Amino acid sequence: MEGVITCFHTKCVSLPARPIPLSRWRNRNLVSSIPRRSLCVSASSSDTLLAGGSPKEDERQSKVSSKGDDSEDLKLWMDKKGLPPCKILLKERPAHDQNHKPIHYVAASEDLQKGDVAFSVPNSLVVTLERVLGNETIAELLTTNKLSELACLALYLMYEKKQGKKSVWYPYIRELDRQRGRGQLDVESPLLWSEAELEYLTGSPTKAEVLERAEGIKREYSELDTVWFMAGSLFQQYPFDIPTEAFSFEIFKQAFVAIQSCVVHLQNVSLARRFALVPLGPPLLAYCSNCKAMLTAVDDAVELVVDRAYKAGDPIVAWCGPQPNAKLLLNYGFVDEDNPYDRIIVEAALSTDDPQYQDKRLVAQRNGKLSQQVFQVRVGKEREAVQDMLPYLRLGYMSDPAEMQSVISSQGPVCSMSPCMERAVLDQLADYFMRRLSRYPTTLKEDDAMLADPSLNPRKRVATRLVRLEKKMLAACLVATVDFLNELPDTSISPCPALYAPSLK
């Protein structure tokens with residue numbers, strides 16, 4: 001990750017001379033018309049902020065550490081702040097980039113059995129919106145309006161970062177700095193990759209999702225001043241630091257992504273507590289798709305009960321929820337090749353130019369489908385996914401009004417098709433999967449060769465893993481479609497033309 005978040009110098013910040021009605025504050029164009037007083041604020045120079053800093057900055061921090069300034073680690077700080085005795089310790093592994101500090105991770109301090117409580121972090125050491133905003137009602141109002149929980153948490157820790165050692169969260173923020181927003185694979189979210197690095201995702205829908213999420217973060221940034229004004233706790237504690245004047249968009253983006261990589265989704269709690277930052281949670285705690293151990297809110301703490309046995313020194317893992325690999329990469333910077341929840345999507349739509357569009361739409365709805373339908377293709381279930389698509393596509397190909405009326409009067413999803421029409425449906429589907437595969441610049445064999453190279457940089461490695469898994473699912477769909485083609489009674493029949501064939505994307 002590039003960039004430093006951030007060094008502040010003495011700067012003049014203009015503030016309103018009198019309170020602004022909330023309704024007017026939402027219209028930021030009005031701010032310039034209000035009489036303002038000028039106040040010079042001196043903000044201390046920061047280390048890196050959450051997402052990371054330059055190699056030069058890391059070197060500076062390393063020198064500071066050698067002088068004893070960095071002697072109190074996260075675990076020791078938590079012990080002093082009331083962390084109950086637990087069965088974990090922090091270990092480290094080297095980073096791929098020698099200019100970066102090693103990656104810390106949570107490991108078992110003793111042998112553990114399934115059902116053991118690895119650690120229990122008291123709520124006093126957990127950061128939630130309820131704590132940040134000081135009022136659960138305000139927290140719910142903000143997060144159900146325009147600003148997400150992640151943006152609120154990022155803003156709070158950016159302000160706390162400016163306080164340096166005066167902040168109660170200084171040891172935790174320092175640990176986030178050290179991790180640099182990286183997951184346990186030493187990779188940040190693609191949201192922080194360069195344009196050239198995003199090309200590693202060429203062919204994958206994830207590339208467009210990254211750009212879309214980045215635009216969403218820009219919208220969050222534009223609302224920061226609103227949350228600062230609405231949240232009394234922030235307004236009183238930082239009365240002179242208007243967010244968009246104190247922090248640039250790039251700084252906020254890095255902090256947002258770092259918080260995204262370590263936030264925990266708690267279940268069965270109030271809205272203001274559902275997103276939490278737990279000091280012993282991710283990124284120190286590695287995520288895994290095929291385990292069931294979850295960080296859970298219990299009484300006045302957040303605890304982790306392990307779902308398997310561990311030997312002393314083993315890294316401890318937790319479940320990240322049923323997320324496909326594209327989301328795991330976007331949110332946490334890793335890809336799990338054994339992810340049972342991995343999937344790709346196929347979007348199909350009935351032609352709105354079809355004179356029988358309304359009838360077809362009603363038939364689709366009766367069978368649980370929409371006029372624009374998203375089909376989930378789950379890993380290992382590719383053949384079943386293709387079978388699920390076929391009735392929908394057959395419906396789109398129907399052109400005879402009499403046949404359409406017969407389908408409307410029937411109760412099942414099956415449309416009787418002529419051999420040439422069935423061939424046309426399968427040909428379209430096979431062509432679609434081939435076109436999607438052709439968008440990737442490399443083959444599966446080339447992907448395997450790249451992944452066999454131990455010197456491959458981490459970002460390219462994780463991107464290659466993702467596109468390789470996507471291509472394997474698409475290839476399995478293509479094989480299933482060709483199998484259905486080969487099962488036709490007469491494979492020599494030419495496909496029938498269709499004026500209003502469904503679209504696939």
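1. Helices here are DSSP runs of H or I with at least four residues, strands are E runs of at least two, and both are numbered from the N terminus.

2. Please keep in mind that this is a predicted model, where local features need pLDDT of at least 70, side-chain atom pairs count only at pLDDT 80 or more, and totals for chains, interfaces and linings use all residues. Residues are numbered from 1 along each chain as its sequence is written, and side-chain values use heavy atoms, leaving out hydrogens and water.

3. How much of α6 is buried? The helix is mostly covered, with 14 of its 14 residues buried (under 20% relative accessible area, with a 1.4 Å probe and protein chains only). Just after α6 comes G164, with a positive phi of about 60°.

4. Now look at α6 (residues 149-162) beside α7 (residues 170-179): their axes come within 10 Å and cross at roughly 105°. Axes are lines fitted to C-alpha atoms over the stretch in contact, and angles run from 0 to 180 degrees between N-to-C directions. On the α6 side, L157, E160 and K161 make the contact, meeting I173, L176 and D177 of α7 (heavy atoms within 4.5 Å).

5. Stepping back, the protein chain has 20 helices and 15 strands. Of its 505 residues, 52% count as buried.

How values were computed. Buried < 20%, exposed > 50% of the residue type's maximum accessible area, 1.4 Å probe, protein only.
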